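Student: I have a few questions about how the terms are applied here. Could we go through them together?
Tutor: Gladly; let's look at it first.
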Amino acid sequence: MLANLAYPFYYLENFQTVLDWVAGRYADLLVADEQDFITQFPRLPQVSRALYVRMVMRKGCVFRASKLNYAEIGDTRAAMQALVDVGWVQADAVVDIAGLFDLLQKPELALAFAMSPAEKKLQKADQLALLGLQHTDSKAFSGWCAGMDDVAYQVLNKDLCDRLRLLFFGNLYQDWSEFVLSDLGIFQYEKVEFSAASRGFGSRADIDAYLALHACREAFHAEQPVPDVLAQLAATGLHALDNAWLVSRRNRLLYQIGEHLEKQKDWALAQQVYADCTYPGARLRAIRVLEKSGQTQAAFDLLTLAQQAPESEAEHQQMLRIAPRLCRKLGLAKVAAATSMPPTELALRLPFPQEDYVVEYVVRDHLSCDEAPVFYVENALINSLFGLLCWPAIFKAIPGAFFHPFHRGPADLLSADFQVRREDDFAACFAQLESGAYRQTIRDTYTAKFGVQSPFVFWSALSEDLLEMALTCIPAQHLKHSFERILLDIRANRNGFPDLIQFWPQEQRYQMIEVKGPGDKLQDNQKRWLDFCATHDMPVTVCYLEWQEADQ
């Protein structure tokens, strides 16, 4: 479908691919100017189309003819004429003085404004500050630069191309360069079967809502007053929209705004924002904001309510830390500390390596033997086994999941309802763990999909030997426990796995090993995995490494 980079107009073919894709999937949602553009674009001369795409791919909307030099296009002024005739580009663009300073270099500015020797020595920003007071109007480029042998062109419908890019990618942070890596063969992507029912945008209102949300995000990052951004966000109507992934993006922006307000110590507005936000972690931050603002009783009440139904293990872990502090402030009885079964520990004292080292590799090499090989896997192994078994569920084409052929994984991967929306599909995959069919399924997927991008499978870390030992030595029930936990909170639980795994193939057993070098401590997500393993009788050891030199 995509062009070879050896073909100089590869970017033009890629752009046409986007137009064809959007026309085929969203024809019923396109407004008149979008439909007209898609129809008219292929009718223009090739060099004119190529020049248009070159400009669209560059930053900004105004370009000097002298800066538009492309060997495959040739005379860009001649190629530009068709774009001017069709009304997509304006010749002799109208710019204000700030726009002019973006276009011209200092010597050109000195000529255009007949600067004095002293003015010429100023920094460009200082020149703009000085002249900006005198020149407050916008005018044509030729009016600023009389006598200059150059033309400034303005692309008039770049926002239209952004809307088409949104429909293709499902977001506005990916750009046209995404095609290049695929063209080079660097990345392979799963071929998802798209249907009308799987479209991320189900109505024109969805498209408009996304664009409105994007404008809110841009306003926030531009440091517009937060109350104004919140009012703008409320006006989008996203909170009432029947589109889960768009609502999720709204909640993410609210969470970021809440964090910003915390840094500003605007506790009241931060609490208001978190109360309207269902993004993971927002409730915990609301508790902290109440505490910081002196509303200890309100913080305790919200904590008590949250403890009845924690949204995740991470939230539960943090609440256990907050509860004793709130009880102490309120004069309540001390909360009994949560107890957990301590993991098995292994203390190692080894000679300090003579060369550069990684502590995990040092322990791996020390413990590994022919009868019981040790592998450094960290998060790679269990996630990969999960990704291989559940490949059909993960790559199921449902609304808001896949927009284009360049997805490493579903767009809603980290949404709270990711598993719920695919509940039957994951259940079918997990059923194979009961029947024993999972081993062959994982092997088959490994062979069929090797190298294809996945949010879970670490191809570079997953050899056939490692795969076979894992399938031989790790009980299906242990895999099921791990897979279910990953699905409970993908954002948090696909990390924190022990560093090493040791297999005893003849005995069909295994052991996970978390390595801590001198001075290292267990992280929160690692503690949660260790507690989980202990609860489910999954063998894990924490290895504390010390250097022999430290004892001398």
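This is a predicted model: local features need pLDDT of at least 70, side-chain atom pairs count only at pLDDT 80 or more; totals for chains, interfaces and linings use all residues.
Student: How many helices and strands does the protein chain have, and what makes a run count as one?
Tutor: The protein chain has 27 helices and 10 strands. Residues are numbered from 1 along each chain as its sequence is written, and side-chain values use heavy atoms, leaving out hydrogens and water.

Student: What makes β1 and β5 a pair?
Tutor: Pairing requires at least two bridges found by DSSP; β1 and β5 (residues 152–155) have three, in the antiparallel sense, so they count as paired. In β5, glutamine 154 is the bridge partner of valine 62.

Student: Why are β1 and β2 edge strands?
Tutor: The open antiparallel sheet runs β1-β5-β2. β1 (62–64) and β2 (89–91) each have a single partner strand, so one side of each lacks a neighbour in the sheet.

Student: Which strands does helix α4 touch?
Tutor: Helix α4 (residues 76–85) packs on the sheet and touches β2 and β5, where contact means heavy atoms within 4.5 Å.

Student: What share of the residues is buried?
Tutor: Of the 552 residues of the protein chain, 47% count as buried, that is, under 20% relative accessible area (1.4 Å probe, protein chains only).

Technical notes
Helices (H or I, at least four residues) and strands (E, at least two) are DSSP runs, numbered from the N terminus. Axes are lines fitted to C-alpha atoms, for helices over the stretch in contact, and angles run from 0 to 180 degrees between N-to-C directions. Buried means under 20% relative accessible area, exposed over 50%, partly exposed in between (1.4 Å probe, protein chains only).
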